[in-house]
Amino acid sequence: MNVELLENVRQAIVFYPGRFSAAQWAFARNADAVIDGDAHPDGFKCCIAGHVLLQSDRMDERELLEVGGFHTGGGMWDEAADALGLTKAQCRELFFPSQWDKPYKQNYYLCASEEESDVASSYLEYFIHKYGTEAERETAERLAAAATHPTPSHDPNPVGPRARAAV
């Protein structure tokens with residue numbers, strides 16, 4: 001399992017909770033403008049699999065939006081699972097909160113939207129400890145302890161200064 005990638009995903013969700021939604025493959029208020037042109041995504045959110053693809057540089061926000069707004073995944077889940085080195089069963093478990101172990105599943109379905117990223121982050125940590133080897137768990141713990149700022153490979157603030165100046 002690629003624990004470094006999974007820990008980067010967890011950190012991106014922790015540091016940018018507004019960019020996470022387990023129920024949506026990818027979403028932006030201006031998705032059509034992003035897909036059809038060169039617009040920056042407004043209110044962009046994506047699920048765990050989407051974050052995996054962003055963090056692994058396999059896709060960017062525009063490409064995720066082209067795939068679909070709600071979980072239409074299939075091949076994209078497979079690609080995210082491949083990036084993480086997961087089995088099919090692990091893929092289904094990780095990417096679908098309905099498959100999470102107790103109490104995480106219940107916590108997810110009972111949480112407020114502003115708590116969703118915290119619940120997902122907790123499950124990602126649990127998932128690493130459940131399936132990771134001792135060395136992988138130690139790596140994840142070391143990375144988590146060293147995290148003082150986000151490490152996303154994608155632009156966490158899609159409305160940067162250049163875009164604001166053009167408005």
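## Salt bridges and confidence in a predicted model

Let's start with Arg58, which comes out partly exposed, at a relative accessible area of 34%. Keep in mind that this is a predicted model. Arg58 pairs up with Asp82 through a side-chain salt bridge, with N and O 3.3 Å apart. Because Asp82 sits in helix α5 (residues 75-84) and Arg58 in the loop between α3 (48-55) and α4 (61-67), this pair ties together parts that are 24 residues apart in sequence.

- Averaged over the protein, pLDDT is 84, and 83% of the residues get to 70 or more.
- Helix α7 (residues 104-110) has the highest confidence, at a mean of 96, while helix α10 (residues 161-166) has the lowest, at 27.
- Residues 156-167 have pLDDT below 50, and this stretch makes nine contacts in the model beyond near neighbours in sequence.

**Overall layout**
- Reading from the N terminus, the order of elements is α-β-α-β-α-α-α-α-α-α-α-α.
- Of the 167 residues in the protein, 43% are buried.
- Take the contacts between residues at least 6 apart in sequence: 67% of them join residues at least 24 apart.
- The protein exposes about 8,400 Å², and 51% of that comes from carbon and sulfur atoms.

**Back to Arg58 and its partner**
- How many salt bridges turn up in a search of the whole structure? There are nine, the Asp82 and Arg58 pair being one of them.
- Is Asp82 buried or exposed? With a relative accessible area of 53%, Asp82 counts as exposed because the cut-off for that label is over 50%.
- Arg58, at 34%, falls in the partly exposed class.

**The Lys130 and Asp101 pair**
- Lys130 and Asp101 make a salt bridge whose closest N and O atoms are 2.7 Å apart.
- Lys130 belongs to helix α8 (residues 116-131) and Asp101 to the loop between α6 and α7, so their pairing ties together parts that are 29 residues apart in sequence.
- Both partners are partly exposed: Lys130 has a relative accessible area of 33%, and Asp101 has 22%.

**A pair within helix α9**
- Glu134 and Arg137 also form a salt bridge, with 2.9 Å between the closest N and O atoms.
- Both residues lie in helix α9 (residues 134-146), three residues apart, or about one turn of the helix.
- Glu134 is partly exposed, with a relative accessible area of 46%.

**Glu93 and the network**
- Which residues do salt bridges with shared partners join into one network? They are Glu93, Asp101 and Lys130.
- Glu93 is part of helix α6 (residues 88-95).
- Why does Glu93 count as buried? Its relative accessibility is 8%, and the buried label applies under 20%, so Glu93 qualifies.
- Setting aside neighbours within four places in sequence, Glu93 touches Gln99, Trp100, Asp101, Tyr123, Phe127, Lys130 and Tyr131.

How values were computed: Residues numbered from 1 in each chain as written. Predicted model: local features only at pLDDT ≥ 70, side-chain atom pairs only at ≥ 80, totals over all residues. Heavy atoms only, no water. pLDDT = per-residue confidence, 0-100. Helix = DSSP H or I, 4+ residues; strand = E, 2+ residues; numbered from the N terminus. Contact = heavy atoms within 4.5 Å. Buried < 20%, exposed > 50% of the residue type's maximum accessible area, 1.4 Å probe, protein only. Areas by Shrake-Rupley, 256 points an atom, 1.4 Å probe, with all protein chains shown as cover. Salt bridge = Lys/Arg side-chain N within 4 Å of Asp/Glu carboxyl O.
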